[in-house]
Amino acid sequence: MYTKAFKAATAAILMMGLAGCATKNTTAEATATTTPSASAETKEVVTEGNYKITNNTGETITDLYIYETGSDDKGTNYADGGLADGESVTIHTTADEDKAEGYAQTIEFTTESGRTENQFETLHLEDANLSLLPADADSYTSATPFEFTF
């Protein structure tokens with residue numbers, strides 16, 4: 001009889017322990033799914049970009065612009081006075097916080113031979129190194145005159 005009572009008490013203690021674990025897990029899961037994380041509340045919006053652009057076209061660039069895609073105003077010519085083959089320029093751009101999410105820019109350049117490229121219209125606000133490529137580069141870059149470099 002003592003053995004039956006001992007077994008019953010042990011079983012009851014184990015059941016209470018398991019019930020307590022189940023309750024804690026359920027509560028933790030409910031809390032995790034209903035409480036927003038701090039990072040979701042304080043999502044930082046990128047409002048600026050820095051681009052090191054290197055001329056690898058094989059000729060001098062006479063015009064170089066980075067401007068908001070769709071804008072009629074191209075802004076500053078970053079190759080004013082010419083950007084020789086192999087030379088680089090660093091460009092800093094910004095956007096207002098209310099426009100920054102999803103903000104897209106266009107890179108446009110013209111070489112001394114008159115070749116103009118402005119196909120890259122989806123540059124986002126970021127820090128990046130870009131190489132401007134020669135006209136015949138489309139055979140190995142899928143017809144884009146730009147290449148991100150590291």
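**View 1. Surroundings of I53 in the predicted model.** In this predicted model, I53 is in contact with L64, I66, E87, S88, V89, I91, L130 and L132, once its neighbours within four places in sequence are left aside. I53 also belongs to the largest nonpolar core, a group of 20 residues, and is listed there with Y51, I61, L64, I66, I107 and L123 as the residues that touch the most other members. Each of the strands β1, β2, β3, β4, β5 and β6 supplies at least two residues of this core. In soluble globular proteins, nonpolar side chains tend to be buried together.

**View 2. Strand β1 and its pairing with β3 and β6.** Strand β1, which covers residues 48-55, pairs with strand β3, residues 88-94, in the antiparallel sense, and seven bridges connect the two. Strand β1 also runs parallel to strand β6, residues 127-132, to which six bridges join it.

**View 3. The open sheet of β2, β4 and β5.** Three strands, in the order β2-β4-β5, form an open sheet with antiparallel pairing. Strands β2 (61-68) and β5 (116-123) are the edge strands, each of them pairing on one side only. On average, and with direction ignored, neighbouring strands of this sheet are turned by 15 degrees against each other. Within the sheet, strand β4, residues 105-111, is held in antiparallel pairing with β5 over four bridges, and T110 stands opposite T116 in β5.

**View 4. The salt bridge between E68 and K99.** The side chains of E68 and K99 meet in a salt bridge, with a distance of 3.2 Å from N to O. Because E68 lies in strand β2 while K99 lies in helix α3 (residues 97-100), the pair ties together parts that are 31 residues apart in sequence. E68 counts as partly exposed, at 29% relative accessibility, and K99 is likewise partly exposed, with a relative accessible area of 40%. Side chains of opposite charge can pair when their charged atoms come close.

**View 5. The salt bridge between K74 and E108.** K74 forms a salt bridge with E108, and their closest N and O atoms are 2.7 Å apart. This pair links distant parts of the chain, since K74 is in the loop between β2 and β3 and E108 is in strand β4, 34 residues apart. The two partners fall into separate classes of accessibility: K74, at 33% relative accessibility, counts as partly exposed, whereas E108, at 6%, counts as buried, because it falls under the 20% limit.

**View 6. The salt bridge between E117 and R115.** The side chains of E117 and R115 meet in a salt bridge at 3.0 Å from N to O, and both of these residues are buried. The count of salt bridges in the model comes to three.

**View 7. The chain behind the close-ups.** The secondary structure of the chain comes to four helices and seven strands, and from the N terminus on its elements run α-α-β-β-β-α-β-β-β-α-β. Of its 150 residues, 28% count as buried, and the accessible surface comes to about 9800 Å², of which 53% belongs to carbon and sulfur atoms. Among contacts between residues at least 6 apart in sequence, 61% join residues at least 24 apart.

Methods. Residues are numbered from 1 along each chain as its sequence is written. This is a predicted model: local features need pLDDT of at least 70, side-chain atom pairs count only at pLDDT 80 or more; totals for chains, interfaces and linings use all residues. Side-chain values use heavy atoms; hydrogens and water are left out. Two strands pair if DSSP finds at least two bridges between them. Axes are lines fitted to C-alpha atoms, for helices over the stretch in contact, and angles run from 0 to 180 degrees between N-to-C directions. A nonpolar core is a set of buried Ala, Val, Leu, Ile, Met, Phe, Trp, Tyr and Cys residues joined through side-chain atoms within 4.5 Å. Buried means under 20% relative accessible area, exposed over 50%, partly exposed in between (1.4 Å probe, protein chains only). Contact means heavy atoms within 4.5 Å. A salt bridge is a side-chain nitrogen of Lys or Arg within 4 Å of a carboxyl oxygen of Asp or Glu. Accessible areas come from the Shrake-Rupley method with a 1.4 Å probe; for residues, only the protein chains shown count as cover.
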